[in-house]
Amino acid sequence: MSSTWFTVGQLADIPRLGAKVVHWQGTPIAIFRTQTDEVFALEDHCPHKQGPLSQGIVHDRKVTCPLHGWVIALDKGTAMAPDEGCTPGYSVRVTDGVIEIEMKHLDALPPTATA
Amino acid sequence: MIRPRLIVIGNGMAGMRTVEELLKLKPDLYDITVFGDEPYTNYNRIMLSPVLAKEQTIPDIILNDENWYAEHGITLHKGVRVERIERKKCEVITRDGQAHPYDRVLIATGSRAFIPPLPGADLPGVVGFRSIADVDTMLAVCREGGHAVVIGGGLLGLEAAAGLVSHGMNVTVLHRNGNVMDRQLDGVAGRILEKTLEDRGISIRLNAHTASLHGTGRVESVRLKDGTELQADLVVMAAGIRPNIDVALNSRIYCENGIVVDDTLQTYDPKIYAVGECVQHRKECYGLVAPLFEQAKVCANHLALYGIAKYTGSMTSTKLKVTGVDVFSAGEIQAKPYHEEMVLADAARGVYKKVILNNNMIEGAVMVGDTMDGAWYFQLMRDKTDVTALRDHLLFGQAHVGNSGHGAKARVASLPDSAEICGCNGVCKGDVVKAIKEHKLFTLDEVRARTKASASCGSCTGLVEDLLASTLGGDYSAAPSVKPMCGCTDATHDEVRTGIIRHELKTIRTVFDQFSWKTEDGCAKCRPALNYYLLCAWPDTYQDDAQSRFINERVHANIQKDGTYSVIPRIWGGVTSPSELKAMAEVAERYAIPTVKFTGGQRLDLLGVKKEQLPHVWRDLSAAGFVSGHGYGKALRTVKTCVGKEWCRFGTQDSTALGIRLEKLTWGSWMPHKFKIAVSGCPRNCAEATVKDLGVVCVDSGFELHVGGNAGIKVRVTDFLCKVATEDEVVEYTQAFIQMYREEAHYLDRTAPWIERVGLPYIQRRLIEDSAGRKALAARFIHSQQFSQTDPWTERAEGKDAHEFAEPLVLA
Ligand code: SRM
Ligand SMILES: Cc1cc2nc3c(=O)[nH]c(=O)nc-3n(C[C@H](O)[C@H](O)[C@H](O)COP(=O)(O)OP(=O)(O)OC[C@H]3O[C@@H](n4cnc5c(N)ncnc54)[C@H](O)[C@@H]3O)c2cc1C
Ligand code: SF4
Ligand code: FES
């Protein structure tokens, strides 16, 4: 299985406790920046009703979905109790202020299936 | 249609209350079956005491009759006991071996009287005090001159004793400890109560330990450890209750003292919920209805699949239901070293009141003989109110504090039925009592909803609670107390608001530090609130924190379920023109906006706009003279007007122009929640001014101002504030009222709940009686408006926050 690291922009493009969206093969991916400059990437769909997590409020390593207030852990993509569900995540790294995201090519399979 | 099956085990107070709450939310969601091992429909167990005392009859205390079950399509199996749940097969098994399949189960099996393992405890004539059957057994034995022994001098024991004595029985209460009701009363209070009960012919033996019961064929006597022998035709065991957990245990559901549930009332099996006395929640088992009803509400919310309510435990208070004997107790009963105690004892009148304070907050109250103020103390205690200002009068009661509005001599129980309880809504004592009885009301909210008593200014709340207590005899639940802002802090909204001013906190981070926030960045509840509080406190210098705003306010448009946005331009006072309409039409066509809709607020909504299109749409709208309508904000929404005297044959003033003037003054202002205004040209009130946060109703001689209306989730008609003569006064009052709401309400409180909390008289005092204060409020509003009346759409069309609206990058 091969993978590619894509550059998605500068860390400074995203406000602290904010997010930006990139698309990969039609799938929106939300890239979050925490207060301490950690960066996480999740598919931009809430496990509840597909709400755009990128538009939520970020706090600690979590995001609160804008539609009905589920709270999703940024590092694992899992919903916090009492809710249940999970959103696929992607690996990201920041080098010299540049954010990169890893996309796996499991040949014919879409990226969400590998996460 | 096949519906999921809900099986309820236990046809008692908590179980049926949960079903009632569920039917309110989702009447058709489940196919409901109820099993109850008593041969009756659901009844009010609390009222068994008055039934025993022959003050009420069985039909009086039935809560839901057969028709009710039939009407709601509920299958009721009376007199059928459930043995266990086959959890793997999802079947409930009854004692006669029948299997009933389920999708969800609610266990509400209550508790039973604890029968101490004494020799002879199984003799006929020995009963608990729990059910209609127990009362029937007691009544069958009752006769003038007969002998009864009650084991246990707690609440139930004393109520049983009082009931039996009223039939002419000789009753002895045996109590293990040094004073009766020792879990609720201190020694002094216990002594007064003992004396009152002895005056009624009940003999009480303290520190009495039962050794055995004797009799041939049925009970005849009770022997104590000290050798005393007491004659007994009837022995009532009131030595405590035990949760009924056998069904749960047989089904291998995790139990400790009770069935263990989480904050959603779910057991360890996610298909099985439990409520009532059979459950153990956060280590507590409850034995009063108020907490059980709170549980019922939360459980129903989850059964209805809303999944948003949480039960976090209850604070309880106790009243003894023996006619003519007043006892109230809540919280701590003995002062600890760090407590301060205030006591009023009037042995001659048989009155004793003790209030326990910690740091000027009430942590406990014990009252005998005069319990009028029990509800008031309980409220102060739950709200953690600082009582420094009330101290001098605290023990003399609410009437002395000048807050009840009904004079010191009001003794609610002795008031005639025609006495007015609620001045705002003209509700008399008789109306309230009748509603409580006829509609089986248990809570303050229910009485408010039915009768409107206490639904407006709230100053009669204490009286209504006392009426509930005296009519119902038992407990009742009131609104939850003041809580911390959210899980990130112990500080309340008020503490934070005052702290921001007092310590001159200017950023969210300094608030976190000052109040030792438990999370790094707060959460989606507290951050928007803090951002607003800071903005309101420092309008000229505070740097708005976009990341602490809910998405709608962050991007100045409403997010829709598909992730697109809606755009509602301001239509001043609901008046538009052909050129404005043309401009809107062109924008809608140019950007292929899928839906154009008239809103409920007299304006047009463009729905389905993509985020990256927003600045372009705004640029074009702004070129045509439109500004944001703030349909997305905790801010001024619409000012709804009617045509008024310009056109209407009934119009008394120019309501349209006045509405536009008010909207021009108030738009752009951030508030604790959304704020809606309306101006009607005459009392026919076509602009529906009396369900707005602020409503103006024009009359010939001037303008009536109404506040605190709400037409949303819970409809509330406005309170009449005052009448003024000129438009300028309308403006000043509007500005002052808005500013007071901005400065004092909790974030996400609309004006309606805010006014219910602080009371209309308070608002009137500040706005009407204190004219200097009113002018100062208005001036602060005008000052802050300088900084908020920049159109956010134009700014963003010109490039502000461009990162929000950028086309997403496509990776390839
Ligand atoms: C568009 C509109 C419905 C319509 O098609 O007519 C509307 C749409 C929404 N309303 Fe409303 N309300 C609209 C008029 C009303 C009215 C009628 C009125 O204002 O005369 C009411 C009852 C009056 C009142 O507020 O007392 C109303 C009571 C609510 C409530 C309940 C508020 C309450 O305090 O009980 C909510 C929920 C909330 O705010 O938390 C709500 C929330 C919403 C939200 C914001 C739900 C949400 O969070 O996404 C909807 C946004 C849809 C959107 O993106 O446009 N909407 N909403 C109306 C916009 C009016 C406008 O021109 O700005
Ligand atoms: C005399 C008396 C006075 C009271 N006074 C007050 C008061 O003043 N204030 C107050 O707040 N509270 C008072 N209480 C307490 C109050 O009545 C209870 O808290 C309340 O009834 C508990 O509700 P529940 O639904 O949990 O249990 P219950 O109302 O007891 O209902 C449980 C039902 O389940 C049935 N059941 C049990 N096991 C099974 C099974 N396996 N199969 C089928 N059915 C089963 C039981 O027979 C019962 O009908 C009083 C109680 C009594 C007895
Ligand atoms: S009533 Fe209001 S909140 Fe509910 S669906 Fe309609 S617009 Fe949305
Ligand atoms: S879609 Fe995210 S909470 Fe509902």
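1. A helix here is a DSSP run, labelled H or I, of at least four residues, and helices are numbered from the N terminus. In this predicted model, helix α9 of chain B contains Q295(B).

2. Is Q295(B) buried or exposed? Its relative accessible area is 0%, and buried means under 20%, so Q295(B) counts as buried. The side chain of Q295(B) has a polar atom 2.9 Å from the backbone nitrogen of G276(B).

3. Over all chains, the structure holds 15 aromatic pairs. One of them joins Y286(B) and Y311(B): the ring centres are 6.4 Å apart and the planes stand at 80°. Planes over 60 degrees apart count as edge-to-face, so this pair is edge-to-face.

4. Where do Y286(B) and Y311(B) lie along chain B? Y286(B) is in the loop between β20 (279–281) and α9 (289–303), while Y311(B) is in the loop between α9 and β21 (317–319). The pair therefore ties together parts that are 25 residues apart in sequence. Both tyrosines, Y286(B) and Y311(B), are buried. Helix α9, which lies between these two loops, is also the helix where Q295(B) is found.

5. Another group of rings in chain B deserves a mention. F675(B), F737(B), Y741(B) and W754(B) are linked by ring pairs into a cluster.

6. Two charged side chains sit over rings. K26(B) lies over the face of Y306(B), 4.7 Å from the ring centre. R570(B) lies over the face of W572(B), and here the distance to the ring centre is 5.9 Å.

7. Which residues are closest to ligand 1? They are Q560(B), T599(B), G600(B), R603(B) and K674(B), out of 19 residues that surround the ligand. By type, the shell around ligand 1 consists of two nonpolar, 10 polar and seven charged residues. Domain 4 (552–623) and domain 5 (636–785) of chain B each supply at least three residues to this shell.

8. Several polar contacts to oxygen atoms of ligand 1 can be listed. K597(B) places a polar side-chain atom 2.8 Å from an oxygen atom of the ligand. For R603(B), an N or O atom in the side chain is 2.7 Å from an oxygen atom of ligand 1. A711(B) uses its backbone instead: an N or O atom there lies 2.7 Å from an oxygen atom of ligand 1.

How values were computed. Residues numbered from 1 in each chain as written. Chains lettered and ligands numbered in written order. Predicted model: local features only at pLDDT ≥ 70, side-chain atom pairs only at ≥ 80, totals over all residues. Heavy atoms only, no water. Phe/Tyr/Trp six-rings, centres within 6.5 Å; stacked < 30°, edge-to-face > 60°. Buried < 20%, exposed > 50% of the residue type's maximum accessible area, 1.4 Å probe, protein only. Lys NZ or Arg CZ within 6 Å of the ring centre and 35° of its normal. Near = heavy atom within 4 Å. Polar contact = N/O pair within 3.5 Å; in protein donor to acceptor, adjacent residues only side chain to side chain. Nonpolar A, V, L, I, M, F, W, Y, C, P; charged D, E, K, R; others polar. Domains from an automatic or database assignment.
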